Each structure stands twice: as C-alpha cells, then as structure tokens.
Amino acid sequence: MPSFPPEVVVRAQQGDASARDRLLAAVEPVVRAFLVSRIGRTPDVDDLTQNALLRIHRGLDALQAPDRFKALAMKAALFELQDHYRGRYATREALFDPDLPEPGSVDAADTPLAMDLAAALAQLTPHARRIIELREMGYLYTDIAETLGTTEAAVKMQVKRAFERLRGLLGAAAVLALLVLRFAGL
Amino acid sequence: MRDPLDLLTADGPLAPDDAAALREALAADPALAADARRFDALGRHVRATLDARLPDLDVLVLHALADVPGALSLDEQARLTAADVPGALDAHPGVAAVAERLAADRAAFEAAWDTADDSPEPAAPAATPVPLRATRAGDRAALTGPRRTSPLRWVWRAAAVAAVAAFAVVALRLQQRDAGWATVTASADQTLTLPDGSTALLAAGSRLRIPGAGVDPRQARLEHGSALFRVVHDPSAPFTVETPNAEVMVLGTTFRVTAEQSGAVAETDVVLVEGAVTLAPKARPDAAVRLAPGTGSRVVNLDAPSAPARADVAAALAIVPDVEVRDARADEVARLLAERYGVSVTVEPALAGERVSGTFADGAPDAVAKLALALGARAERTRTDDGRDAYRIAR
C-alpha cells in the first residue's frame, strides 16, 4: 500500500508545492482504481478522479492530523462517487404541476383526502419501498440493482408492480374519499 | 411506441420523443393520467419525507467514515451529530441501502489502497517535461487506463486564492438607481438573493433590475439576458418578472426567462421547470398563457405568446453550460474556457496538443485548475492590461 509520510503532508500544508504535487500524484492512481472498481472504465472516471483530487487539494490545509491523509482521500472519493450517483438525473422533469388540482377531484384541497400516500406506501413490500426511495434519491436502476444485488430488469419490474399496486390502492381511496365527501354534503 | 408504463416508470430523463409520446398517451387515457399523477405525487411525497428526515444526504458519507480516526473535521462531526442518521436508517429502507452501499464503497477504497504500489515516498518531480500521454482519437482505453507517471504540480501565484463556489463570484457593477430600483449587471454568472428571499441566477452579461426599500419586493425586471428564477411560494402575492415586452407572473416556482432585443424585435422566452407561471405580452393580460412544468413559450414584441410546447428543461437549468470535452486538444479547451469565463487562458506550446477529457465548470479558477491538473502542469494567474484574469498553463 502507498505511504504518505506525515512530514510530506505537513510540508504541503505549509506551502511546499512540490510536496503537494507528490501527494496528489501518488494518490491519483488509487482514486482512479477505486472509481474504476465501482463504475467501470467509463469516460466519467477521468472527471470524477480530477474532481476528487480537487477535493483533496482543497481539504489538505484543513487536515488536522497529517498522518490521516488516507482518510482525506477516502472521504473525497466517496463524496465524489455519491455526487455522481445522485447527480445524473437531478434535472428529471416533472410531468405534472403539483399546484394544479388533480383531474376528477373536487378541488385542490381535496387531494390530501383523496390520496392517503403514506398509508399506500406502507402497503408496499420493504423491497419495493427500498427501490422507490432509492429512485427518488436519484439513483438509476443500474445502480439500484448493484446496490441490492439484483438485476436491472428485476428493479424495473418491481417499480412497475409498485405502480400497479398503488394504482389500485390510491384509485380506490380516491373514489372512497369522494363518496364520503358527497354523502357528507361537501 | 414504447409502453406508456415503461415511460412512466423510467429512471432518468426521457428523450424528447419519448416524453412527447408519453404526454400523448396520458392525454388519450384520463384514467392512466390520473394514476400517473398519483404515482408522481407519491414520488414527491417520498422525496419530501426523505428531505424532512435527512435534508443533507452527504451526512451518509460522513456516517460511513465516522469510525475512521481523523476522517471528519469538527464541522463534519457537528453535521453528523445534528443529523438523525440512525432514525433515517430505521425509517427508510432506501437510506439503509445507501448506507450499506457506502460501506461497500469504503471497503473498495481500502482494497484499492492496499493493492496500490508501495513506495516509501512519492517520486520527486521530473527535471524535464515528460512525454505526452499516449492518447489517440477514439482510443477510449487510453483515456481511462493508467495515466502518466509524471507528478502533478500546482502553483498559484495570484495575489489571492479564489474561493471555489458553485458559481464564480465576480464584481457587481451598479449602473444606476431609479426611484427605488437597483440595476445589476452580471459580469459573470451570478446568483442574487432578491428582497423577498427568492433567488435569480444571472448568466454573464445579463442585466436585472430589483426593487429597493419601499418598493413591492415581489417583482423584478429582466432588461437583457437570461436568468433562472427560484421564487418563494406565496399564493397571496404573485411574483412578477417583466421584460421589455412581456410579463411573467408566478406563484412559487423555478423558471428561466430570456429577454433579447435585436433592432425593433424584442423576444422573451420562458421555460418552466416546476410550479406554475403565466406569460403575457405587456399590457395584454387577456392573452396570457399558463405553462406546465417542462414547457416553454415565447413572446415576440407584443404578439400573443406561442402555444406552450415541450422545452429542454436541462438546458434551462444549465443556464450557462459547462465546458465538456472528450479527447480534445488542450489549446482548444483553453480557448473554450477563455470564452466561457471571459478570461485569458493560454497553454504552453509543448502542451497545446495534449488530449484531455472532462467537464470544466464552477468558475474560472476551478476550471483552469482542473485543466492544469489534467495536463500535469502548473497554472499561473496574472492580469491582462485591460484588467481581466489571465491564466497560463505550463510545466
């Protein structure tokens, strides 16, 4: 394993550019190998490696214990990888305007009555709920599959089943709520 | 055409054609549309509950490293203590899965560390420039395989080290004050906090007028350029954005407005990311159109707005695009960065033909630093005669 003598770290923190360059040069292949092991040899590895090195560069001055350079490098690499997982579809567009009333509902305020989301969510299996949560946190199905030790096809199927299951639950709840409202004269 | 259910449950953004096909399918099947809306609402509910329990997902990385001596700074320890990670792990199986994944990532890093070459001390920098990296156009393996053996060198000789932020911090120039309004011209992409707490991300060169004390704070005037607005929700006080030829009224939302004038033609483009807005020509509220998220419309002079149509939301959010290159010459990347940030960027001749790949963003200092890093070179910052930042990359 590589070693990063604390005295080299201290020199780097004190402004020795040569020492700083040596540290970054030595840790780069480690960071790269780690990223390749997690996301494969994709073009993103270059970007992520460079970003991780920038994090290390920025975090070096604040490193309290010079003998903990490895921890700094590991933290930078893990942050970068998580940003990569979660950042890829941060711009997923919304199909529906949350401020508009749901079609068929009495009015916008009726929505909470018509859709008991928490209760419907509780009807899902823990596995399905895990997948839905990971999806909403920004993870793609390939990453979800790898995280859960299954296949991408299985993850997609699970999401579709959740949709169908919730279709029945939420649709029935909406009808029931509407009936309750009408009988109550609202 | 793909099954609408496949499209509804797809991960990631849909291609424009697929998105259009899905909207058509939903328009033709109101029952499916209602179910899709509920599923969408469920997704938002899940995100909201996750955000409420754990607004800062980065703490999961801190949690994964909590037992590593020296890994967390004092601030990070405080963040971790303040966050209810155990509660989130108990309540959310997805969060627990992320934590497990992070534990596996940590183990993978340890493995990468342990299998790396052992050397008592990293080698000293080479006295002479190292050979160019062996990359050829289309040689993807060379791009992602083992890199150069020359050490990386960093030297900043600027009088002050630029702070790295999500958007470059540059000087504002207040050009004039007019009856309680202030004019802001962004010399580079710039985020402003407006008087009511809303924010406006201005593209470089854009000019925005904002109300001062004593003026209704729920308004802004985009005189020229492009701005991404994130408006605080307040149904009792609609927020209005005026351009030279149009008005955008919002309740609480994220949208992009672009105002351009060429001769006698004034154009205002609006793309809605989330929430609800109406767009109308000035003094013609009767001609207003309402936009749904993911759609845009255009007003030319005082004509009625164009029919709302699907818009490129990703482009709207990336108000000023990053510089993204694959296997590009270093001197070409330098030219792109210079154009992007309005600075001077030069690369020494020996490095000009080096091939680089990556996304260069987050302001000139960070982007140039990254280019220098990729080239195994130094970046020196000075000033041009006209006062612009000038960067020279050399070994």
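**Meeting a two-chain model**

Reader: Which residues of helix 7 in chain A are buried?
Author: In this predicted model, helix 7 of chain A covers residues 126–136; helices are DSSP runs of H or I, at least four residues, numbered from the N terminus. Buried means under 20% relative accessible area, with exposed over 50% and partly exposed in between (1.4 Å probe, protein chains only). The buried ones here are A:Ala128, A:Ile131, A:Ile132, A:Glu133, A:Leu134, A:Arg135 and A:Glu136.

Reader: How is everything numbered, and what is left out?
Author: Residues count from 1 along each chain as its sequence is written, while chains are lettered from A and ligands numbered from 1 in written order. Local features need pLDDT of at least 70, side-chain atom pairs 80 or more, and totals for chains, interfaces and linings use all residues, while side-chain values use heavy atoms, leaving out hydrogens and water.

Reader: Why does B:Thr9 count as buried?
Author: B:Thr9 sits in the loop between helix 1 (4–8) and helix 2 (16–28) of chain B. Neighbours within four places in sequence aside, B:Thr9 has contacts (heavy atoms within 4.5 Å) that include A:Arg135 and B:Phe39. B:Thr9 counts as buried because its relative accessibility is 4%.

Key. Helices (H or I, at least four residues) and strands (E, at least two) are DSSP runs, numbered from the N terminus.
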